[in-house]
Amino acid sequence: MLKTELLQDYACYVVGNEPAIKSSTGAKMAPIEGPPDPGGTKINLSMLIDFLLQKTYHDLTVLSELLPRKSDIERKIEIVQFASRTRQQFVRLLALVKWAASADRVDKCQAISTILDKQSMLFVDTADMLARMSRETLVKARLPTFCLPAAVDVLTGGTYPRLPTCIRDKIVPPDPITAVEKTKTLQRLNQVIQHRLVTSELPPEMGDMAIADGRVKFRVEHEFEVMLTLMGDEASIPWRVLSIDFLVQDMESGDGKSLVHALQVQYIHQLVQSRLFAEESPLVDLYKCLHSFCLSLQLQVLHFQAKQLITERWGDNVRVEEYAVGKKLVISYWR
């Protein structure tokens, strides 16, 4: 394979400026003009040989058509010139074929020369930029005052203890508390919760409570179970709701599963927590909110059970007279 550069040189040196060259398939090939291809596109040597054969055949055909019109001396001169020119072309082609064996080495040398020229250009540009900086930019530049205490600390002790502590507080996490400290903290939090319950207004329905591990659990049978805690020992710190579980169940309709969706529980959790920040009697307000929701849920379960009883067993003996969601349910039976 030969590069297009070789074909360009050969076309300029051997083929000349002929208008066109025919290939072996009969198609006309345009003469090669312009600079060599920098991408290094390759061409078969056989195609180059085919170009030369087609050109020689073309010249011989033209010569055979023109010779009968000329005199004997002119015909001899044309034949000698054609033979000499053709011989020179094939000699040059032979030289090109012999040179093609070392084309790869020439390509490598050319690539190396290109890289070296580029590096030399970079060195020259760098030197020019440094000279320009030294003459224009760095004329008024001055070094800052060296920090001698920091250098002494680093060179003598191998550390730099003068960094602000805020950097350490933001990057380095604090050491975890020990088990003893955790136990003492939870005990102290239990005492704070007991004191807050004694000094706060507590609904009588929420008398079933249990304090353990820094949390207090209130349980209202068949309604709800809520777990609270405090984030400090100050009187102004509000209660923090940890979890809410609703105990209203319907074994027939819900298969023993919770009747409240997780998204509903999350919404009620956020609502109750927001009211704990604003109310003067937060535990009373907490009970009212959860109790009203549980009553509405129980009323809905009762309505569902009544409709199911009408459908499956009693029929016209039971009738739902009126039902307002969360407010009222009127049932008549044994009519």
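**Helices, sheet and core**

Reply: Start with two helices: the axes of α2 (residues 45-66) and α3 (residues 72-100) come within 11 Å and cross at roughly 180°. Keep in mind that this is a predicted model.

Me: Which residues in α2 and α3 meet?

Reply: From α2, the residues include Leu 45, Leu 48, Ile 49, Leu 52, Leu 53 and Leu 60. On the α3 side, among them are Ile 79, Phe 82, Phe 90, Leu 93, Leu 96 and Val 97. Lys 55 and Asp 59 in α2 and Glu 78 in α3 also take part.

Me: How many nonpolar, polar and charged residues does that contact have?

Reply: By class, the contact of α2 with α3 has 13 nonpolar, 3 polar and 3 charged residues.

Me: Switching to the sheet. What is the order of the strands?

Reply: The order is β5-β6-β7-β8, an open sheet of 4 strands with antiparallel pairing. β5 (209-212) and β8 are the edge strands, each pairing on one side only. From one strand to the next, the twist averages 20°.

Me: How many bridges join β5 to β6, and how many join β6 to β7?

Reply: β5 and β6 pair over 4 bridges, and β6 is joined to β7 by 5. As for individual pairs, Ala 210 stands opposite Lys 217 in β6. Val 216 stands opposite Leu 228 in β7, and Arg 219 has Glu 225 in β7 as its bridge partner.

Me: What about the turns, which residues have a positive phi there?

Reply: The hairpin of β5 and β6 has 2 residues between the strands, and Asp 213 in the turn has a positive phi of about 55°. In the hairpin of β6 and β7, with 3 residues between the strands, His 222 has a positive phi near 65°.

Me: Which helix packs on the sheet?

Reply: α10 does, touching β6, β7 and β8, and its direction makes about 155° with that of β7.

Me: And which residues of β6 are on the covered face?

Reply: Val 216, Phe 218 and Val 220. The uncovered face of β6 has Arg 215, Lys 217 and Arg 219.

Me: Now the largest nonpolar core. Which residues touch the most other members?

Reply: Phe 224, Val 226, Leu 228, Trp 239, Phe 246, Leu 286 and Leu 290, out of 28 residues in that core. Elements that each supply at least two residues include α7 (179-199), β7 (224-230), β8 (239-246) and α9 (262-276). α10 gives the most, with 7 residues.

Me: Take Phe 224. What is it in contact with, leaving aside neighbours within four places in sequence?

Reply: Phe 224 is in contact with Phe 218, Arg 219, Asp 245, Phe 246, Leu 247, Tyr 287, Leu 290, His 291 and Cys 294.

Me: Last one, Asp 153. Where is it, and why is it called buried?

Reply: Asp 153 is in helix α5 (residues 148-157). Asp 153 counts as buried because its relative accessible area is 18%, and the cut-off is under 20%. Leaving aside neighbours within four places in sequence, Asp 153 is in contact with Gly 158, Thr 159, Pro 161 and Arg 162.

Terms used:
Residues are numbered from 1 along each chain as its sequence is written. This is a predicted model: local features need pLDDT of at least 70, side-chain atom pairs count only at pLDDT 80 or more; totals for chains, interfaces and linings use all residues. Side-chain values use heavy atoms; hydrogens and water are left out. A nonpolar core is a set of buried Ala, Val, Leu, Ile, Met, Phe, Trp, Tyr and Cys residues joined through side-chain atoms within 4.5 Å. Buried means under 20% relative accessible area, exposed over 50%, partly exposed in between (1.4 Å probe, protein chains only). Contact means heavy atoms within 4.5 Å. Axes are lines fitted to C-alpha atoms, for helices over the stretch in contact, and angles run from 0 to 180 degrees between N-to-C directions. Ala, Val, Leu, Ile, Met, Phe, Trp, Tyr, Cys and Pro count as nonpolar, Asp, Glu, Lys and Arg as charged, and the others, Gly among them, as polar. Two strands pair if DSSP finds at least two bridges between them.
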